[in-house]
Amino acid sequence: MHAAVVNRFHEPLTIEDRPIPSPGPGQVLVRLEACGLCHTDIHAIDGDWPVKPGLPFVPGHEGVGIVERVGAGVTTRTIGQRVALPWLGHACGECRYCVDGRENLCESQYNTGYAIDGGYAEYALADARFASPVPDGISPLEAAPLTCAGVTTYAAVKAARVVPGERVAVFGVGGLGHLAVQYARLVGAKVVAVDVTDEKLDLAVDLGADHVINAAEVDPAEALRHLGGADVAIVLAVAPSVFDQAFRSLNRGGRLVLVSLPAEGTLTVPVFDTVLKGISIIGSIVGTRQDLAEVFALHAAGRTRVVAARRDIHDVNAAVAEVLAGSVPARLVFVYDAPLPVEEQVADGAVTSVTE
């Protein structure tokens with residue numbers, strides 16, 4: 001199988017021919033149909049965060065594909081079923097966070113495309129319990145961005161506890177932001193989209209934003225104050241200035257929801273303003289399997305729209321450059337030419353070795 005592999009941080013990925021793995025107990029082998037390119041993948045590729053992936057590794061946590069094989073003991077997934085491979089690739093299932101429904105906070109979790117090889121490959125292994133079923137009627141191209149960008153922003157809107165009629169500011173309209181605008185609208189918010197390009201702001205309007213602000217032309221905090229201030233500010237951009245802008249835009253009792261993870265990794269806020277105005281600062285990390293099931297259900301019901309452009313995995317480095325240049329309207333998705341199922345490849349002699 002072909003896979004895009006990170007062998008060294010801050011260097012281009014290489015396309016390698018690797019053996020197709022076999023699922024162990026509790027695992028499934030998934031033939032990838034699509035995988036989205038998330039900015040988190042770029043942080044992983046560059047080793048930006050304190051806990052770095054082990055080298056070499058295959059990135060990608062928005063994988064969608066078909067179950068080709070099941071390992072011993074797997075009863076909840078079946079061959080031929082379409083599943084998604086999200087960031088939360090494994091959690092222990094026994095800690096206080098898993099037991100009370102916060103499995104995304106499990107301290108023993110493994111993350112797809114980071115701690116375990118992900119979807120930048122034609123095949124991937126997954127913990128069957130965390131290979132989330134994709135409902136009929138959702139194409140792989142649409143399902144891939146929903147697997148991270150969708151569930152992450154959906155969970156962020158839930159974490160903000162938005163009340164209908166409140167004003168929600170979405171800072172950063174891209175792969176995540178174009179979905180955040182829609183989820184905020186679905187819970188009855190008045191939505192203000194903030195970005196630095198007119199193209200992305202036009203997209204936000206098309207998706208239902210009530211107001212847009214070009215942060216390259218005006219101070220978004222001041223512009224939001226003129227609109228009545230933000231009750232919730234969801235930060236999806238990574239520029240350090242955005243966090244200050246979002247904080248300054250908040251009304252009393254406002255909630256600052258942090259989603260993006262800048263390489264700098266620090267946040268400075270004025271303590272007096274935070275306390276006297278009753279401002280809450282909320283960290284929101286992806287979502288649970290239940291959150292993802294709800295995201296898929298909403299999309300299957302026609303409540304959301306995914307904006308994505310196809311790319312070939314062999315052009316992975318060019319695609320990364322596009323994202324870094326900010327020239328991508330929403331999400332880039334690697335779409336794979338459907339390889340033969342494993343058994344047919346073996347019969348044709350196309351598979352020379354299968355790892356056990």
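First, a definition. Contact here means heavy atoms within 4.5 Å. With that in hand: among contacts in the chain with a separation of 6 or more, 70% are between residues 24 or more positions apart. Keep in mind that this is a predicted model.

Now the overall build. The chain has eleven helices and 19 strands. Along the principal axes, the C-alpha trace spans about 65 × 40 × 40 Å. Of the 356 residues, 53% count as buried. The chain exposes about 15400 Å². Carbon and sulfur atoms supply 53% of that area.

Next, the inside. Which residues touch the most other members of the largest nonpolar core? They are Val168, Ile234, Val257 and Phe296, in a core of 44 residues. Several elements each supply at least two residues, among them β11 (167–171), β12 (190–195), β14 (230–235) and α9 (289–300). Helix α3 gives the most, with nine residues.

Take Ile234. Set aside its neighbours within four places in sequence. Ile234 then contacts Ala156, Val157, Val168, Ala169, Val170, Phe171, Val257 and Val259. There is also a second, separate core, of 41 residues. Met1, Ile20, Val30 and Val286 are included in that one.

On to the aromatics. How many aromatic pairs does a search of the whole structure find? Four. Let me show you two.

Start with Trp87 and Tyr114. They sit edge-to-face, 5.5 Å centre to centre, with 65° between the planes. Trp87 is in the loop between β6 (82–85) and β7 (88–90), and Tyr114 is in the loop between β8 (110–111) and β9 (123–127), so the pair ties together parts 27 residues apart in sequence. Buried or exposed, Trp87 and Tyr114? Both are buried. Ring pairs also bring in Trp49, making a cluster of Trp49, Trp87 and Tyr114.

Now Tyr154 and Tyr183. This pair is edge-to-face too: 5.4 Å between centres, 75° between planes. Tyr154 belongs to helix α3 and Tyr183 to helix α4, so here the pair ties together parts 29 residues apart in sequence. Tyr154 and Tyr183 are both buried.

Last item: a charge over a ring. Arg289 lies over the face of Phe130, 3.9 Å from the ring centre.

That's my tour. Questions, please.

Conventions:
Residues numbered from 1 in each chain as written. Predicted model: local features only at pLDDT ≥ 70, side-chain atom pairs only at ≥ 80, totals over all residues. Heavy atoms only, no water. Core = buried A, V, L, I, M, F, W, Y, C linked by side-chain atoms within 4.5 Å. Buried < 20%, exposed > 50% of the residue type's maximum accessible area, 1.4 Å probe, protein only. Helix = DSSP H or I, 4+ residues; strand = E, 2+ residues; numbered from the N terminus. Phe/Tyr/Trp six-rings, centres within 6.5 Å; stacked < 30°, edge-to-face > 60°. Lys NZ or Arg CZ within 6 Å of the ring centre and 35° of its normal. Areas by Shrake-Rupley, 256 points an atom, 1.4 Å probe, with all protein chains shown as cover.
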